[in-house]
Structures are given as C-alpha cells and as structure tokens.
Amino acid sequence: MRELTYSEAVREAMSEEMRRDPSTFLMGEDVAVFGGVWGVSEGMLAEFGEERVRDTPISEAAIIGAGLGAALVGMRPIVEIMFGDFLMCGGDQIVNQAAKARFMSGGKAHVPLTIRVTTGAPGSAAAQHSQSPESWFMNVPGIKIAVPATPADAKGLLKTAVRGADPVLFFEHKMLYGETGSVPEDADFTLPFGQASVVREGSDVTIIAISIMVRKALAAADLLAGEGISVEVIDPRTLVPLDKETLIQSVAKTSRVIIAHEAHLRSGPGAEIAAVLAEEAVEYLDGPVIRIGAKNVPLPYSPVLENFVLPGTEDIVAAVRLLVRR
Amino acid sequence: MDKQTYSPELLTHLFRQMTLVREFELRAIAERRGGLIPGFIHSCVGQEATAVAACAALSQQDVITSTHRGHGHLLGKGGDPKYMMAELAGRSAGYCLGRGGSLHIADFNLGILGANGIVGGGFPIAAGAALAFQMRKEARVALAFFGDGAINEGTFHESANLAGLWRLPVIFFCENNLYGEGTPQHKQAPITDLARRADGYGFPGVIVDGNDAIAVYEATQEARRRALAGNGPTLIEAKTYRFRGHYEGDPQVYREPGELEAWQARDPVPAFRARLLASGLYDEAQLAEIEASVQAQLDEAVAFAAAAPAPAVEEALQGIYADTHEGLVF
C-alpha cells in the first residue's frame, strides 16, 4: 500500500467523493486559490473549478449555515473552518441549527454536512488558534465528532462523513498534517463511526489516546516496553458515537487506564470516557482512571510556557509508572 | 385594479389564507388558554398580508426559512392547519411528531425549511439553499422571512454579503413590525428604513406597505423575477405591525398610546375584504362562505389535535441521527 500524508489523505477523500457525487462541494476561507491555509485542498480548484471549490468571505456563520441550507435541499457540502477556535463564530449554526434540524423536524431533515476543522496547538499560535474544542460539542446531541489520528483513518472516516446523512465535526490535528502512513487506494474505502482502533496491543495498562495523543502514547509505549511494562493503545477515532465496548474490553484485560487528549483537562473528552468507565467498567479497575490533558489555562504563546501547559509523552510515561507501581 | 391584473383564484387564495392565518392564531391562543397547547405562542395577528402574499408569489418548489412568529409563513406556504395544531399540542400526529412545537415546524415537501427559535438563525440556511439551486441550475428561490429585530444579528450581515457576492437567488423578506421583542425598532437601529441596508451588499432594497397584500405580492414577484434572472437577492422591507404581544402573556408595556389603535384601523384582513367587495368581483355571501369554510377547517384541526394521542415516551430517543449505533453512547 502506498504512503500518503494525513493532509494528502484528507484531500484524496474529498476529491474521490467529489468525483463520485456531483452534489458534493467544498467551501471555506482560502480553500480554492490558496489551496487551504493548511494546504489540504491544493490542486482541487484546478480539477473541480470554482463552482465546486469555493473561496468564501470570512464569515463562519454563513459558511456553516449555508452548508446546512444546501444540505437540507439535497447537496452534500464539505465546509472548512480554518481553526477550531473559530467554530464559536458559527456556533449557533452548529449547535442550534445543524445538530437539531433532524430531531426538531420529527426526523424529516437530512443533514449530510461535513464540517472539516483543524484542532490542536501548532506551536506558538497562542490562545485563540490552538484549542482542541471537541468536547464543547460532545454535550450537543445531534452532531457526530470524528478525531482521526492517522492518514488512513482520516481518509476512511472523512468519506463516511461525506456519505452520511448527519452533521459531522471532523477534527484534523494541525500537527498531524505531515504525518505519513499507508492509505488504501480503494475509492470505496470507508471506516465506520463508533469503531475504536486497537493501535497497539498490551497487557498491563490501557491508554485511550485521542488525535495527536495516539502518537505520543505510542512513543510512551515504546519507552515503557524497555521497563517491562506492556501498554495497550486504543484510539476511539470518533467521540460521538463512542465505541465504549472496545474501551471496556481493553480495561477488562489490563485493569488500568489512562485517557490522554490535548484538550483542556476539565470537561475534556476524557471526562466523558472516565465517567463511562466508572459506570460500566469499575469492577475491572485496579486503580483510578487517570486523565491527561492540557492544563486548565488558555494556551500561552511562549514555547516554554506552551510546552509546560500541553500534555506530552513524558506525562503519559509518568502516569503509567505511577499506575503500574501502585 | 385587481380586476385587470389578478385572477379570481389568486384573490380568493389571498383572502382565504389571510383569514385562515388570523383565525388559526386566535384559535391557537384560545387553545393555549384552554390547556391543549403547552408551549409559547408568538402570534402574527396583524401581519397576515406579509406572510400570505409573499408566499403566494413563490412556487411550490421555492423554499422559505421562517421565524419564531412563523404560523402565517407556514400556512402561506401550504402548511396544513391540522398538523400544525397537532404539533402545537405536542402530539405525534403533528408536523414534527411533537418534538419541535411552534418554533420548529418544518415540511421539506412544502419547501418549509423550518421555523426558527433563534432570531436570525434562518439567514445562512436560506443562502445555502439558494446556493444549491444556483449550482444545480434550478429555477427556484429561497425566501428568508425575518423581523426588524433579526436584521441586527450578525448572520444577516454575513448572509446578505455572501448572497450579494455570489448573486444567489434569495429574497430577504423583512417584516418590520416596529418591535424586536419588547423594544421598539428605533431603539434597536439608527435608521428606520431598513431596506437601505441592502445598498451595502450591492442589491436593491425596497419598501412596501406590509398591510397591503397586493403590494407585498407584487414586490415579492419582482424580487423572484430578479433572482431567477440571475440578478441576485432583493431585500424587501414590509412595514407592518403586530397587534398582540411578542408572545402570549407579554404585558406589552412598551407600546405608545394610540399606536395599536392606529394600526388596527389599517388591519390587513378587513382591508383586503373591503377591497374585494369594492372591486365588484365578490359579494358578501361569497366572502362569508369562505370565512365559514375557514372556521370549519379550524374546527377540524382543533378536533384532530385534541384527539391525537400523546407521543410514547420512547419517541424522545428517536430521530436524532439518520442511523442508530446499537450499544454505543450517543
């Protein structure tokens, strides 16, 4: 299988879906001529033309809401929001409109709207360009949330999002765009939502890692293997729906669990996962559920400060040692 | 006037639907007092001409986005009072199976993309529907109803700008009823003729007497022609007035003395009735027959809603996503 970057995988998924279905199009700030500020849609304007790869004004509410309106009358739009932080500018259209349209209409509305958005800290981007806002939306029934960590997952999950009939927030981590990995070439390769991936098998401790933390958890697992600690790494891949069965099965095997995400710790995705485990897997646990996330402060600019606030491989390693030696 | 230009079908339609909207609102208010309807009612009594005549200028395939004051828009676009009343009563026989209520009624087959509980929530949705029509080269338009309060929301600016930029087939239809909730329009914006705002987006803004059904119809028809010709949006500002509170139960402390009475003297429904009689096309008996048929339809609607069973509680857990994922936390 050929290798692609995460960025190329996202582009391939979009391009394949646009070739497959004329009702799919892409719009967002700088997605056409610029090729996306992250370069994800480079070359797509040339292939699909300005009708289907649309630069928009800097108007997040209009971008998301127009995507919703187009979806309600039969299109399958992909809209790009440049930074997760900017989702708040279009927040009403996500939370009060797109997420609720199907339910409020008695199930009649179909909302095949994919909102691609970047997440995470790219380095010294400071407090308004670095957040991981996934869990803000986990409290809103009606929206699905994908957090791919690998190029193959990015491709497979994005194609599922575009082909579906529900609004999806698709979080692409900025620091994963250059990551490479094997990606199936099959134009019908899709991955189901609600199916976690066992990224690495182990027997002593489970690390449930989200988005970029998968990479850091794998690095931690390598280090810990040298100490004789066997780490299992599970990537939920989608937060809504959440594959709790796979998480619980892993915890049943290892009896120890750490949840790692780059989002702020307080009420981050780990809070929900920890609660699920407390309710449904407490009998398997030999110790506390440990969460690792960004410290509860706005993300700072200075690299020294930012590094201190963000969770890293060393935080995972320290937590595993603590759990295993209890 | 009407004799040369307008067919009896259209005139009858306008009169019947305006009467239906007025009487529907009065019935809903009574049924809320009587306990059949549990939720908010934001009635559009006094604004029947805008709702009905604007929709009359649209085709079946055109779409609308509506507002919290949307019963008139929905009836204008062909909504069935039976299913509306059942929805207001929270029954599963209602348009939204009792999950939406007054603020969220939608019927995609009728091109009703939804009433909306969020002021200004419908602008981007209408723009997006219009974008779809433009991309698919369909001869359809999207009309966004909104009030003088909503035009101060950021979504108006974003959507009007986008629609002007891309020449989308949208009609921004402002029902300027002089109040945004409980605050007068002149305390919410530095200008009183809101149609002027269209200039900033590069499309025309027109002012129309919102209590004159024919004027509303003509303005909307012209805006629709423009949109279908590829000339982009129009902002229509229909000057009108709401006779009742922002919601039923609103103490209405904010009105100027004599203001309500002055507008009631220009009540659009009797005004249109008088105009039909004066035209010589209709006699009293014909109009009374139409009015009686409206009452009969509403008797049926209320009886239908009252007889409809309440939803089963499990229905609250359905219709959130297109698919279900057994055993997964949602």
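Student: In this predicted model, is A:Glu17 buried or exposed?
Tutor: The cut-off for a buried residue is a relative accessible area under 20%. A:Glu17 has a relative accessibility of 2%, so this side chain counts as buried.

Student: Which residue forms a salt bridge with A:Glu17, and how many residues apart are the two?
Tutor: The partner of A:Glu17 is A:Lys159, and the closest N and O atoms of the pair are 2.8 Å apart. This bridge joins distant parts of the chain, with A:Glu17 in helix α1 (residues 6-20) and A:Lys159 in helix α6 (residues 151-163) of chain A.

Student: What is the relative accessible area of A:Lys159?
Tutor: A:Lys159 falls in the buried class, as A:Glu17 does at 2%. For A:Lys159 the relative accessible area is 0%.

Student: Which residue forms a salt bridge with A:Arg163, and where is that residue found?
Tutor: A:Arg163 pairs with A:Asp188, and their closest N and O atoms are 2.9 Å apart. A:Arg163 is in helix α6 of chain A, 25 residues from its partner, and the pair links distant parts of the chain. The residue is A:Asp188, found in the loop between β8 (180-182) and β9 (197-200) of chain A.

Student: What is the accessibility class of A:Arg163 and of A:Asp188?
Tutor: A residue between the 20% and 50% limits is placed in the middle class. A:Arg163 has a relative accessible area of 22%, and A:Asp188 has 48%. Each value lies between the limits, so A:Arg163 is partly exposed and A:Asp188 is partly exposed.

Student: How many residue pairs are in polar contact between chain A and chain B, and which element gives the most residues to chain A's side?
Tutor: The two chains have 13 residue pairs in polar contact, both residues at pLDDT 80 or more. Elements that give two or more residues to chain A's side are β2 (24-28), β3 (53-55), α3 (60-72), α4 (91-104), α8 (244-254) and α9 (269-280) of chain A. The element that gives the most, with nine residues, is α3(A).

Student: What area do chain A and chain B bury between them, and which three residues supply more of chain A's part than any other three?
Tutor: The contact involves 49 residues of chain A and 43 residues of chain B. The buried area is about 3,600 Å², with 66% of it on carbon and sulfur atoms. The three residues that supply 17% of the area chain A buries against chain B are A:Val73, A:Phe103 and A:Met104.

Student: Which side chain of opposite charge is nearest to B:Glu315?
Tutor: B:Glu315 lies in the segment after α11 (284-307) of chain B, and B:Glu315 is buried yet has no salt bridge. Leaving aside neighbours within four places in sequence, B:Glu315 is in contact with B:Ser92, B:Leu97 and B:Arg99.

Student: What is phi of B:Leu97?
Tutor: B:Leu97 is found in the loop between α5 (81-88) and α6 (123-135) of chain B, and at 28% relative accessibility B:Leu97 counts as partly exposed. This residue is not a glycine, yet its phi is positive, at about 60°.

Student: What is phi of B:Leu178?
Tutor: B:Leu178 lies in the loop between β3 (170-176) and β4 (179-180) of chain B. At 26% relative accessibility, B:Leu178 counts as partly exposed. Its phi is positive in a residue other than glycine, near 75°.

Student: Is the peptide bond from A:Val240 to A:Pro241 cis or trans?
Tutor: A:Pro241 is found in the loop between β12 (238-240) and α8 of chain A. With omega near 0°, the peptide bond from A:Val240 to A:Pro241 is cis.

Key:
Residues are numbered from 1 along each chain as its sequence is written. Chains are lettered from A and ligands numbered from 1 in the order in which they are written. This is a predicted model: local features need pLDDT of at least 70, side-chain atom pairs count only at pLDDT 80 or more; totals for chains, interfaces and linings use all residues. Side-chain values use heavy atoms; hydrogens and water are left out. Contact means heavy atoms within 4.5 Å. Buried area is the accessible area (1.4 Å probe) that two parts lose on being put together, summed over both. A polar contact is a pair of N or O atoms within 3.5 Å; within protein, one must be able to donate a hydrogen and the other to accept it, and residues adjacent in sequence count only if both atoms are side-chain atoms. Helices (H or I, at least four residues) and strands (E, at least two) are DSSP runs, numbered from the N terminus. A salt bridge is a side-chain nitrogen of Lys or Arg within 4 Å of a carboxyl oxygen of Asp or Glu. Buried means under 20% relative accessible area, exposed over 50%, partly exposed in between (1.4 Å probe, protein chains only). Lys and Arg count as positive and Asp and Glu as negative; His and the chain ends are not counted.
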